[in-house]
Amino acid sequence: METPMGLLVVGSIALDSVETPFGRTEEALGGSAVFFAVAGSLLHPVQVVGVVGRDYPMGELQRLGQRGIDLRGVTVADGESFRWSGKYGFDLSTRDTLETRLGVFANFRPVIPEAFRDAEFVFLGNIDPELQLDVLRQVHRPKLVACDTMNYWIQGKRTALLRLLQEVDVLLVNDSEVRELSGDWHIHRAARWVLERGPKFVVVKKGEHGAVLVEPGRTFYVPAYPLDDVFDPTGAGDSFAGGFMAYLAHTGDLSSANLRRAMVYGSAMGSFAVERFSVARFEEITLADVRARVRAHKDLVHFDLDADL
Ligand code: AMP
């Protein structure tokens, strides 16, 4: 049997305490690498690099990997795991960070194990862009590198971030981040600004309004799946990234048509993430559920031109 394409994620591994208008959870599995890995592993095995304290429930994370989450790149350090807590407003689109306790994450220096260095697909979760660059120096020759970032780095580490952009293929961010990065409120102009600085594609996530893939001269929209209930938006973006990258790694096809399919898998994973707290929804679903939701997306945007005027 052929060895599957390696899919590597480097990012935060957290314990999240989240309050929404519908309830609260304490110290649940969270962090960018966790959402990415749990969602992505429904489609393809995922290799994780991150750091935790001795208090982290690693067994639980391992158990959640449907096609395998390889945790050989997770360092267990002396000290507390990274803890994040947030509270959402009534419409779930505004979030206040209540507390960020970095713990062992403060001294995180990613070391990519030898066994992961040939990964063909690499996702650099939201960490210091200097560390993201450092990861790229350790991997051999990936086919596709995607990265995320956040306003904190856009403001504080702009030079390193611009250097990173020259070395990645895909920037995957939300609308406020691409606006802040480019200094342009207009999403498409902002995405084109990014395309001029290195990446071949930009994926802009717009929460309940879906996501956009911008390539030079081409744009593709995927709607957010219209759920009856949204419970907790935390991690939707990282789950989107997990679905997007795992679909590409599984198919090994970087054509424009396949990138569009990957967008739909990303959207499907984002929609599952928000149906429960933490990664709980991914425990309940199988590949068949993912496929069904992907098919439902097709119906959402399909229309028949034959009946044109
Ligand atoms: P998102 O909803 O996409 O913003 O991602 C939420 C996840 O990001 C949560 O699970 C948090 O644990 C994690 N997180 C929050 N703040 C940070 C940070 N400063 N660095 C890395 N990860 C973070």
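How far is an oxygen atom of the ligand from an N or O atom in the side chain of arginine 95? In this predicted model, the distance is 2.9 Å.

## The ligand and its surroundings

The ligand is surrounded by 15 residues, and the closest are Ser12, Asp16, Gly31, Arg95 and Gly235. By class, this shell consists of six nonpolar, six polar and three charged residues. Strands β2 (14-20) and β6 (82-88) each contribute at least two residues to the shell.

For glycine 31, a backbone N or O atom lies 2.7 Å from a ligand oxygen atom. For aspartate 238, a polar side-chain atom is 3.3 Å from an oxygen atom of the ligand. On its own, the ligand has 510 Å² of accessible area, of which the protein covers 81%.

## A covered helix

Helix α1 spans residues 32-40 and is mostly covered, with nine of its nine residues buried. Among them are Phe35, Phe36 and Val38.

Most residues other than glycine have a negative phi. Glutamate 27, in contrast, has a positive phi near 50°. This glutamate belongs to strand β3, which covers residues 23-30. Glutamate 27 counts as partly exposed because its relative accessibility is 40%, a value between the limits of 20% and 50%.

Serine 278 also has a positive phi, near 55°. Serine 278 is located in the loop between α9 (256-273) and α10 (280-284). Is serine 278 buried or exposed? Serine 278 counts as buried because its relative accessibility is 12%, and buried means under 20%.

Technical notes
Residues numbered from 1 in each chain as written. Predicted model: local features only at pLDDT ≥ 70, side-chain atom pairs only at ≥ 80, totals over all residues. Heavy atoms only, no water. Helix = DSSP H or I, 4+ residues; strand = E, 2+ residues; numbered from the N terminus. Buried < 20%, exposed > 50% of the residue type's maximum accessible area, 1.4 Å probe, protein only. Near = heavy atom within 4 Å. Polar contact = N/O pair within 3.5 Å; in protein donor to acceptor, adjacent residues only side chain to side chain. Areas by Shrake-Rupley, 256 points an atom, 1.4 Å probe, with all protein chains shown as cover. Nonpolar A, V, L, I, M, F, W, Y, C, P; charged D, E, K, R; others polar.
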